[in-house]
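Let me put the structure up, and then we can walk through it together.

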Amino acid sequence: MSQGPRSGLAAVSSALLAMSRHLEVRDVLKTIVASARELLDAQYAALGVPDDHGGFAQFVVDGVSDQQWKAIGPLPRQHGILAAMLQEAKAERLADVRKDPRFEGWPPAHPDMSDFLGLPIRDGDEVIGALFLANKNCPKPDGSCGFTEEDEELLAILAQHAAIALTNARLYERSRELTIAEERSRLAHELHDAVAQKLFSLRLTAQAAAALVDRDPSRAKGELQQVAALAAEAADELRAAVVELRPAALDEDGLVATLRTQIQVLDRAHTARVSFGSCGVRALPASQEEALLRVAQEALHNALRHSGAEHVDVTLSRRGSGAVLRVTDDGSGFDPHQTRRAGRHLGLVSMRDRASGVGGGLTVDSAPGTGTTIEMEVPGG
């Protein structure tokens, strides 16, 4: 690169650090693309993860506005230069992609591209993605390619680490899915063992009571009393199974102590400074305490994984008979409306559902470059 190897290596290092902060696949893809475009000073960058049907399971871009992306239309297919990178698994560096014999044209709204650098992302022998850039921001005498051999080498380094980051993200999401599935399976078994037998007994007892109503009302009354007792036991078992899903620390330590402990762990585990403060909070209904804890966990996850924040501050304070949770970070921020339109919710839908489910409310105050504040209020008992 024109700025010299020291700045080039520093840029690669920054890009790798950025990729390591994320665990969700979509976030990793977007970080790879943004890092590649910034690293090589290109106008456009994109990354496609192929599916098994000639298209792309995921396709992310950087340098294209939301309006442009919407106007372009459906995702590209695996054809032309993209197909060559995926099938031949080699780099492509072109002075003008439009003059290549494999070029098959773009939709009318597609931005105009000339010089092109692309290469596959490989996990062993498997091609798991195609990363490409277009329109390097530099002079291009005589229609030459702005991307150099050094650019190609830097992108190859980035692609190698991108493969690791993408593989790790996939493993993380898979493990999370398995954990959820295992928990559901465990709960299903417990519900079956604890409740099914009582429900079966309840059914038989009810049938016996029905048969005795006319010929032995006294015994029928006794059977009906047994029905009521069995129904109560079944309800207790169901209630116990649901309560088990509530974090144990809440029951043992309360909301303030649970939050403080979890935040101390996060503060030690992350480079960002994570702090917690509380003021005058009284015990709240169990459902409200759990909702506050879950929202705090989701907001902290977003701040530490997605925002690049250096400081995250969590406060829990009394308001009337209820409480207010506030999670504030000094990270990159985002436009909540754009995020919603792009189909990425950062857990906001879940957080709002949790708040409204306990009679509370949630507000999100954020904008690009200004950090984020998420506030949740619950009414108390």
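Let's begin with the open sheet: it has 5 strands in the order β6-β7-β8-β10-β9, and the pairing is mixed. Its edge strands are β6 (273-279) and β9 (361-366), each of which pairs on one side only. Neighbouring strands here are turned by 10° against each other on average, direction ignored. For those angles, axes are lines fitted to C-alpha atoms, for helices over the stretch in contact, and the angles run from 0 to 180 degrees between N-to-C directions. Two strands pair if DSSP finds at least two bridges between them.

Before I go on, a word on what you are looking at. This is a predicted model, so local features need pLDDT of at least 70 and side-chain atom pairs count only at pLDDT 80 or more, while totals for chains, interfaces and linings use all residues. Residues are numbered from 1 along each chain as its sequence is written, and side-chain values use heavy atoms, with hydrogens and water left out.

Back to the sheet. Strands β7 (residues 311-319) and β8 (residues 322-329) run antiparallel, joined by 8 bridges. If you want a landmark, T315 has R326 in β8 as its bridge partner. Then look at helix α11 (residues 348-357), which lies across β9 and β10 (372-378) and runs at about 145° to β9; contact here means heavy atoms within 4.5 Å.

Why do we call its length as expected? At 1.5 Å a residue, the 16 residues of α2 (residues 25-40) should span 22 Å, and its end C-alpha atoms are 23 Å apart, which agrees. The expected span is 1.5 Å times one less than the number of residues. Among the buried residues of α2 are V28, L29, I32, V33, A36 and L40. Buried means under 20% relative accessible area, exposed over 50%, and partly exposed in between, using a 1.4 Å probe and protein chains only. Just after α2, D41 takes a positive phi of about 55°.

That brings us to strand β1. It is largely enclosed by the rest of the structure, because 7 of its 9 residues (residues 42-50) are buried. β1 pairs with strand β5 (residues 126-136) in the antiparallel sense over 6 bridges, and G48 stands opposite A130 in β5. β1 also pairs with strand β2 (residues 56-62), again antiparallel and over 6 bridges, with V49 opposite Q58. β1 and β2 form a hairpin with 5 residues between them, and G54 in the turn has a positive phi of about 85°.

Last topic: aromatics. How many aromatic pairs does a search of the whole structure find? The search finds 5. Rings of Phe, Tyr and Trp (its six-membered ring) pair if their centres lie within 6.5 Å; planes under 30 degrees apart count as stacked, over 60 as edge-to-face, and the rest as tilted. F59 and W69 are stacked, at 6.1 Å centre to centre with 5° between the planes. This pair links F59 in β2 to W69 in helix α3 (residues 66-72), 10 residues apart. F59 is buried at 7% relative accessibility, whereas W69 is partly exposed at 27%. Finally, ring pairs link F56, F59, W69, F116 and F132 into a cluster.

Note on methods: Helices (H or I, at least four residues) and strands (E, at least two) are DSSP runs, numbered from the N terminus.
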